[in-house]
Amino acid sequence: MSNFKIALIPILVIIITFSLLGFFQILDLESQLIGGGHMLNPHFIETPFFENDFSKSRTIFLLGSSQVASSNVTQVNDLISNKNISIYNLATSGDTPSKRIDQLNDIISSNPEIVFYGISYRDFKFPYNYNISYIPTSEQINSCFLEEYFISNPELLMRYFLKSIGSKDLGILSKTYMKNTPFYDYKPVLIPNDSKFIQNDSVKTWVKHCNMHENISSINTIISEFQSNNIKVVIFTTPLHELYLKSISDSQKEQFDKMLSNLSVKYNVEIYKFEEKYSELNIWQSPDHISYHKSITKYNEDIASMIIKESEL
Amino acid sequence: MLFTTIEFIIFFILVITIISIIKYRKFQHFFLLFASYFFFYFSSNYLVTLLIFSTILDYYIGKEIWKSKSLRRKKILLIISLAGNLGLLGFFKYSDFAILQFNILGNYINLTENIPLLNLVLPIGISFYTFQTISYTVDIYRGHLEPSKTFREFALFVTFFPQLVAGPIIRAKDFLPQLRDKLDNFGTRKRLCQISIHDKNLKLGITIMAFGFLKKMFFADHIAIIANDIFSNPIGATSFEIWLGTIAFAFQIYGDFSGYSDIAIGAALILGFKLSMNFNKPYFATSFSDFWKRWHISLSSWFRDYLYIPLGGNKKSAIRSYGNLFTVMILAGLWHGAAWNFIIWGALHGIYLMILKIIEKIFPRLSQHFFFKTRNGKIISILVTQYFVFLAWIPFRVQGIDEIIYSISKFVIIDFQFSEVIPILMSHKIPVFILILFIALHFISYRKGNFVEKISKLNLKIWFVVLMIISLSIILFYNGNPEDFIYFRF
């Protein structure tokens with residue numbers, strides 16, 4: 001009997017632990033789906049994004065990380081005010097070209113007219129822990145994503161969960177999902193004081209760990225694949241706060257610029273540079289993210305102008 | 001089959017359930033044997049044939065050595081056994097390394113043709129079970145051990161799944177008698193005891209396993225992030241980074257390997273088998289010889305009994321005993337892997353032990369000096385010893401001679417550049433916190449004795465809470481990208 005009790009305890013412990021894991025996952029579903037918020041985006045529950053019919057109008061995709069998600073496409077669409085054109089922001093948290101490459105076939109099969117790819121220094125030099133997010137392919141979206149992601153990284157889930165304790169973030173209830181931004185979920189955001197940025201370690205940590213070559217090779221592949229499928233590609237650099245810019249050395253800037261000019265020459269793509277344009281304005285939610293607060297329109301106006309120019313509207 | 005997988009948990013629960021149901025000793029042995037071969041086959045596939053070959057070879061040679069009256073015949077049989085076992089080990093583990101060295105040498109003397117590499121898969125656990133079977137035949141040859149009475153029992157000694165792939169390296173004289181424990185039946189007849197799951201063993205075994213999982217999955221796998229980040233490209237790193245990386249790796253490998261050993265010891269204990277301790281707070285060793293009495297004890301004692309002593313140990317001249325030490329440590333390094341960095345690691349430890357011997361010879365009473373009995377004396381001894389032990393971990397972990405030289409120079413000659421301290425700590429907040437926590441727990445276990453055993457004696461409610469904390473720490477902070485057990489590579 002005692003043997004039975006002793007044996008029962010570890011089994012009970014395992015059952016409780018996994019149940020708790022499941023409970024946290026249900027409680028905090030959206031947090032763990034970084035880049036995969038799509039699964040919870042109510043606009044795409046019935047029909048996954050890539051299964052939509054894009055042939056009704058001219059389709060334009062914005063690609064990139066959360067830095068690109070800072071561009072409010074609803075506002076951009078309003079500014080363009082052309083019903084024959086549909087702009088979608090496919091930004092995902094933690095995007096890099098080497099991750100985006102997984103989604104290439106889905107994007108190509110949607111047959112967009114132009115793809116605007118927003119990149120920045122950090123896409124080519126990433127802290128080690130950023131690679132925990134991923135961009136879902138249509139296969140993953142349609143398959144059992146529980147197996148693909150849920151069980152694979154409980155640590156990430158717990159870190160988000162623990163972080164949310166004590167914060168005013170109400171998790172899933174506080175998120176906003178937009179139809180034209182399928183893979184990103186927006187939190188209500190305030191414009192903080194500049195002083196808060198100094199505490200933000202993202203300024204200093206990003207330069208240390210990276211897989212630069214893989215990402216450079218991936219962006220080359222992405223551009224070349226799009227072009228071979230008659231999809232026009234435009235590159236733009238995402239805006240950065242002056243504190244962030246100061247943390248980048250001259251040689252790193254030189255290296256990044258050289259890469260851009262190589263891409264421009266090799267593929268004849270247009271490059272728009274926004275990284276320093278808003279650096280001194282008080283429109284930031286973090287040193288590398290412009291706030292997507294509705295009162296901030298400057299960035300969206302520039303994105304709209306770029307799209308108008310490149311789509312020859 | 002990795003211990004840290006759901007497959008193993010299910011496998012192990014099934015094994016102990018079936019063992020509890022089977023009431024006949026021989027069937028229990030057959031079942032354990034079958035389970036062990038399945039365990040090995042699960043991860044090694046056809047390479048299980050090597051294990052079977054080694055088992056058959058040593059069982060019959062062991063019997064023949066025991067029966068043989070002629071010393072010459074005994075010697076020939078022993079040589080066949082050694083050649084068979086070491087031949088397999090050498091072929092699978094060292095062929096490519098030898099070919100590579102030969103090709104490099106050939107290039108120096110302008111040989112145009114290179115010998116192609118064999119690209120052999122290293123059979124998991126071969127370094128461990130080979131040493132185990134060698135010790136069996138050598139012990140019989142020396143007359144220290146009677147051969148196993150049945151092939152079944154010998155095969156179980158070689159393949160016993162908890163220790164099969166990464167030790168501890170068990171000795172037949174410790175294990176075989178456990179298969180034949182006697183049960184006093186009515187005080188008159190002695191019967192062989194069947195395997196039964198006892199309360200005390202079950203609780204202690206589960207506790208040891210739980211701490212093993214904690215060491216490996218919570219501590220070592222998280223701490224590995226620091227070492228991997230720093231040592232993936234150490235050139236350009238500051239002294240602070242190299243020190244942090246070295247400390248992280250030292251505790252990663254300790255957590256990784258001692259965690260594996262704990263799981264093996266705990267699993268064996270649940271089944272009623274006592275395996276010897278493999279680690280005993282090695283980072284509190286006060287000298288290099290003390291370190292080797294605390295680190296991978298089953299391997300270091302194997303090298304002592306089957307290599308160092310046969311070479312003459314310290315019974316010959318001083319120079320010879322230094323040479324013996326150095327040779328043994330070089331071979332111990334080579335045992336870990338066919339690469340120069342393991343040889344350098346072994347050579348460093350060989351040099352440390354030689355220097356220690358020389359100091360002991362010149363100042364025979366130094367270790368008895370009252371200063372070394374004091375608290376401060378012990379702390380200084382530990383710090384000095386560990387400084388050199390940690391230094392030796394650098395070639396063990398870092399790939400490439402340039403990288404090793406750079407890392408060692410930064411470890412030894414401090415550059416006092418602290419600009420990277422805050423960024424590196426901030427970018428590794430959680431792993432650094434876990435590293436500090438692990439060091440603190442290591443210290444507590446050193447001061448408080450065997451607290452795992454104490455935990456296993458707690459009442460069921462408190463024990464449940466402890467297991468809950470361990471389980472939550474492991475599963476809820478599992479990073480989704482686990483590291484393989486480091487010693488699986490050896």
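Patches are made of residues with over 30% relative accessible area and no salt bridge, with like charges joined within 9 Å and nonpolar side chains (Val, Leu, Ile, Met, Phe, Trp, Tyr) joined within 5 Å. The structure is a predicted model, in which local features need pLDDT of at least 70 and side-chain atom pairs count only at pLDDT 80 or more, while totals for chains, interfaces and linings use all residues. Residues are numbered from 1 along each chain as its sequence is written, chains are lettered from A and ligands numbered from 1 in the order in which they are written, and side-chain values use heavy atoms, with hydrogens and water left out.

Chain B has 19 helices and two strands; helices (H or I, at least four residues) and strands (E, at least two) are DSSP runs, numbered from the N terminus. Of the 490 residues in chain B, 54% are buried. Buried means under 20% relative accessible area, exposed means over 50%, and partly exposed lies in between (1.4 Å probe, protein chains only). Chain B exposes about 22,700 Å², and carbon and sulfur atoms supply 67% of it. Such areas come from the Shrake-Rupley method with a 1.4 Å probe, and for residues only the protein chains shown count as cover.

A nonpolar patch lies on the surface of chain B, formed by B:Leu100, B:Phe102, B:Ile104, B:Leu105, B:Tyr108, B:Ile109, B:Leu111, B:Ile115 and B:Leu117, which together have about 900 Å² of accessible area. One of these, B:Ile115, sits in the loop between α4 (71-108) and α5 (126-142) of chain B. B:Ile115 counts as partly exposed because its relative accessibility is 39%.

The interior comes next. A nonpolar core is a set of buried Ala, Val, Leu, Ile, Met, Phe, Trp, Tyr and Cys residues joined through side-chain atoms within 4.5 Å. The largest has 148 residues, and B:Phe8, B:Leu32, B:Leu271, B:Tyr283 and B:Trp393 have the most contacts inside it. Apart from it lies another core, of 34 residues, among them A:Phe44, A:Leu90, A:Ile222 and A:Met259. Contact means heavy atoms within 4.5 Å. Leaving out residues up to four places away in sequence, B:Trp393 touches B:Phe249, B:Ala250, B:Ile253, B:Tyr283, B:Phe291, B:Trp295 and B:Trp345.

B:Asn201 belongs to helix α8 (residues 199-231) of chain B. B:Asn201 is buried because its relative accessible area is 17%. With residues up to four places away in sequence not counted, B:Asn201 touches B:Ile206, B:Leu269, B:Ile270 and B:Gly272.

Side chains of opposite charge can pair when their charged atoms come close. A salt bridge is a side-chain nitrogen of Lys or Arg within 4 Å of a carboxyl oxygen of Asp or Glu. By this rule there are 19 salt bridges over all chains.

In one of them, the side chains of B:Glu153 and B:Arg25 meet at 3.8 Å, N to O. This pair links distant parts of the chain, with B:Glu153 in helix α6 (residues 151-159) and B:Arg25 in helix α2 (residues 25-44) of chain B, 128 residues apart. B:Glu153 is buried at 1% relative accessibility, and B:Arg25 is buried at 10%.

A:Lys298 forms a salt bridge with A:Asp302, with the closest N and O atoms 3.7 Å apart. A:Lys298 and A:Asp302 are separated by about one helical turn because they are four residues apart in helix α15 (residues 298-310) of chain A. A:Lys298 is partly exposed, at 37% relative accessible area, whereas A:Asp302 is buried, at 10%. A:Lys277, A:Lys298 and A:Asp302 are linked in a network of salt bridges.
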